[in-house]
Amino acid sequence: MGYSRLQAPDESIAGMIRRACSEMHPLLIPRCVYDRYPVTVAEDAVSFAGISIASHDLARNLSGCSEVLLFAATIGASVDSLIRRTQAQDRALSAVMQAAGAMFIEAFVDDFNHTIKKEAAAQGRRTHPRYSPGYGDVPLSVQRQFFSLLQCYKINLTLMDTLIMAPEKSVTAFIGVE
């Protein structure tokens, strides 16, 4: 929401943040699916699992990697439902809930990323920062490759024709492994 330790929200906003988090927390069902693939990286393209993605930015991110991990994660549909119900009654609280939901999914994928980083380090390898479809020159349409390769249905995650995922508080990303 743009606040920091140097600029804390006033008590009214802080109360909405506490309320949003306390209502949302019991509804969280964080789940993830992932798989690893050998990867070939060229200057402006990345290839894995019979798929080639033209992207200078992704190629730069995965430079030096021999493997790419694709993952899809969500915190569950109940969060979306809570946000929709709240929007009808209190738009400000709904906006705070949107931010809280984003914080919860980001915290979950940060934890997942940390686990992958530790596993790689135990093998004497290192990971690159995660990179999602829609970043830089990687088109959002790359979401389709995630859904064709990963068993997203196991975590009740779907991709709509608009390339938006349902539940909305979900993330897909690449993690390169050297």
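Predicted model: local features only at pLDDT ≥ 70, side-chain atom pairs only at ≥ 80, totals over all residues.
Entry 1: I looked up how the strands β2, β3 and β4 are arranged. They form an open sheet in the order β2-β3-β4, with antiparallel pairing. The edges are β2 (40-41) and β4 (51-54), and each of these pairs on one side only. Then I checked the contact between β2 and β3 (residues 45-48): two bridges, antiparallel. Val-41 has Val-46 in β3 as its bridge partner.

**Entry 2: salt bridges.** How many salt bridges does the whole structure have? My search turned up nine. A reminder to myself: side chains of opposite charge can pair when their charged atoms come close.

Entry 3: Arg-19 and Glu-23 form a salt bridge, with the closest N and O atoms 2.6 Å apart. Both sit in helix α1 (residues 11-24), four residues apart, or about one turn of the helix. Arg-19 is partly exposed at 43% relative accessibility, and Glu-23 is partly exposed too, at 29%.

**Entry 4: a pair between strands.** Next I looked at Arg-36 and Glu-67, whose side chains meet in a salt bridge at 3.4 Å, N to O. Arg-36 is in strand β1 (residues 31-38) and Glu-67 in strand β5 (residues 67-74), so this pair links distant parts of the chain, 31 residues apart. Is Glu-67 buried or exposed? Its relative accessibility is 17%, so Glu-67 counts as buried. Arg-36 is partly exposed at 30%. I also found Arg-36 and Glu-67 linked with Glu-119 and Arg-125 in a network of salt bridges.

**Entry 5: a loop and a helix.** Arg-130 forms a salt bridge with Asp-110, 2.8 Å between the closest N and O atoms. Arg-130 lies in the loop between α4 (91-122) and α5 (143-149) and Asp-110 in helix α4, so the pair ties together parts 20 residues apart in sequence.

Notes: Residues numbered from 1 in each chain as written. Heavy atoms only, no water. Pairing = 2+ DSSP bridges. Salt bridge = Lys/Arg side-chain N within 4 Å of Asp/Glu carboxyl O. Buried < 20%, exposed > 50% of the residue type's maximum accessible area, 1.4 Å probe, protein only.
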